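Hi there,

I'm passing a structure on to you today, and I hope you enjoy looking through it. Could you open it alongside these notes?

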Amino acid sequence: MSVVLVTGSTSGIGLATARRFAERGDTVVFNSIHSVEAGEHLAESTANAHYVQADIAQAEDCARLIADVLEQCGRLDVLVNNAGTTKVIAHRDLEAASVDIWREMFEVNVFGTWQLSVAAMPALQMSKGSIVNVSSIAGMRPTGSSIPYAASKAALNHMTTLLAKVVGPEVRVNAVAPGFIDTPWTQGWDAVRGYVQSVAPLRRSGTPDDVADVIVALASSSYVTGQVVAVDGGLTIAT
Ligand SMILES: NC(=O)c1ccc[n+]([C@@H]2O[C@H](COP(=O)([O-])OP(=O)(O)OC[C@H]3O[C@@H](n4cnc5c(N)ncnc54)[C@H](OP(=O)(O)O)[C@@H]3O)[C@@H](O)[C@H]2O)c1
């Protein structure tokens, strides 16, 4: 059985992913930044589970998160870097995409993911473990909720490949790039959902479980590293 840390796992894709690992009998560590009560409840109601509050954008929180995982579980086999943030800004509205917004996106989606991965690396090297980053098709195509968000996910995709190149053979690093997934994040995005349902070859939006299945598969695929796998119902091959 593995020890799996899923960041941002009180909601959406992270929650479905943590549950999938727990169903396999793995020890799961839930994490979130604000929803502490929900995280504690999940840890209590899931077998072999823990919860650690931490903001992945804070270096001290990342160090404490990994230290807590090792103290409570003794090892770390899989790190799922799912926590992320966005701002919806029309791509044409250049003034609205201020440098402060760029910083906010990169602080969590890129710097946070990087510093948690670095903090986790010694433990992952010991366990010959793996990282799965949760990116977005916005990092592969000129699309997404805003230009700063899309650029942060493009950076995350390249980080995935570059990191995979240097941390093998002990550690594998891959990413999933979800398309439109029904989570609290996309609640109310009805026009985009309708577009996806009409254009994607699979003719529907995605569920958190659709993404979780691929994350679990990548975490258990011993000869795959440095890959970014789109989980988008075929949207990127149709547009
Ligand atoms: N939904 C989509 O269509 C879609 C598409 C492409 C990519 N993605 C990516 O999928 C990931 C998850 O999205 P989702 O739709 O499942 O979102 P969600 O339902 O809004 O869940 C986000 C989770 O991340 C946590 N979180 C946010 N910032 C954090 C931080 N700095 N440190 C620790 N935890 C943090 C939140 O905790 P609190 O509740 O405590 O704030 C929450 O548990 C994101 O990386 C996103 O970019 C989503």
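This is a predicted model: local features need pLDDT of at least 70, side-chain atom pairs count only at pLDDT 80 or more; totals for chains, interfaces and linings use all residues.

Residues are numbered from 1 along each chain as its sequence is written, and side-chain values use heavy atoms, with hydrogens and water left out.

**The ligand**

The ligand is surrounded by 31 residues, the closest being Ser11, His34, Ser35, Tyr149 and Thr183; a residue counts here if one of its heavy atoms lies within 4 Å of the ligand. For His34, a polar backbone atom is 2.5 Å from an oxygen atom of the ligand. A backbone N or O atom of Ser35 lies 2.7 Å from a ligand oxygen atom, and for Ile13 a backbone N or O atom is 2.8 Å from an oxygen atom of the ligand.

**Helix packing**

Helices (H or I, at least four residues) and strands (E, at least two) are DSSP runs, numbered from the N terminus. Axes are lines fitted to C-alpha atoms, for helices over the stretch in contact, and angles run from 0 to 180 degrees between N-to-C directions.

Helix H1 (residues 12–23) and helix H7 (residues 208–219) have axes that come within 8 Å and cross at roughly 50 degrees. That makes H1 oblique to H7, as angles under 35 degrees count as roughly parallel, over 145 as roughly antiparallel, 65 to 115 as roughly perpendicular and the rest as oblique.

Helix H4 (residues 99–127) packs against helix H5 (residues 147–167) at an angle of about 20 degrees, with the axes 8 Å apart. H4 and H5 are therefore roughly parallel to each other. Their contact includes Trp102, Phe106 and Trp114 in H4, and Tyr149, Lys153 and Leu163 in H5. The residues of this contact are 16 nonpolar, four polar and one charged.

H4 also meets helix H3 (residues 59–73), with axes that come within 9 Å and cross at roughly 35 degrees. Cys62 and Leu65 of H3 take part, as do Gln115 and Leu116 of H4, among others. That contact has nine nonpolar, two polar and no charged residues.

**Backbone**

Most residues other than glycine have a negative phi, and most peptide bonds are trans. Asn48, in the loop between helix H2 (36–45) and strand E3 (49–53), has a positive phi near 50 degrees. The peptide bond from Gly168 to Pro169 is cis, with omega near 0 degrees, and Pro169 sits in the loop between H5 and strand E6 (172–178).

Best wishes

Technical notes:
Contact means heavy atoms within 4.5 Å. Ala, Val, Leu, Ile, Met, Phe, Trp, Tyr, Cys and Pro count as nonpolar, Asp, Glu, Lys and Arg as charged, and the others, Gly among them, as polar. A polar contact is a pair of N or O atoms within 3.5 Å; within protein, one must be able to donate a hydrogen and the other to accept it, and residues adjacent in sequence count only if both atoms are side-chain atoms.
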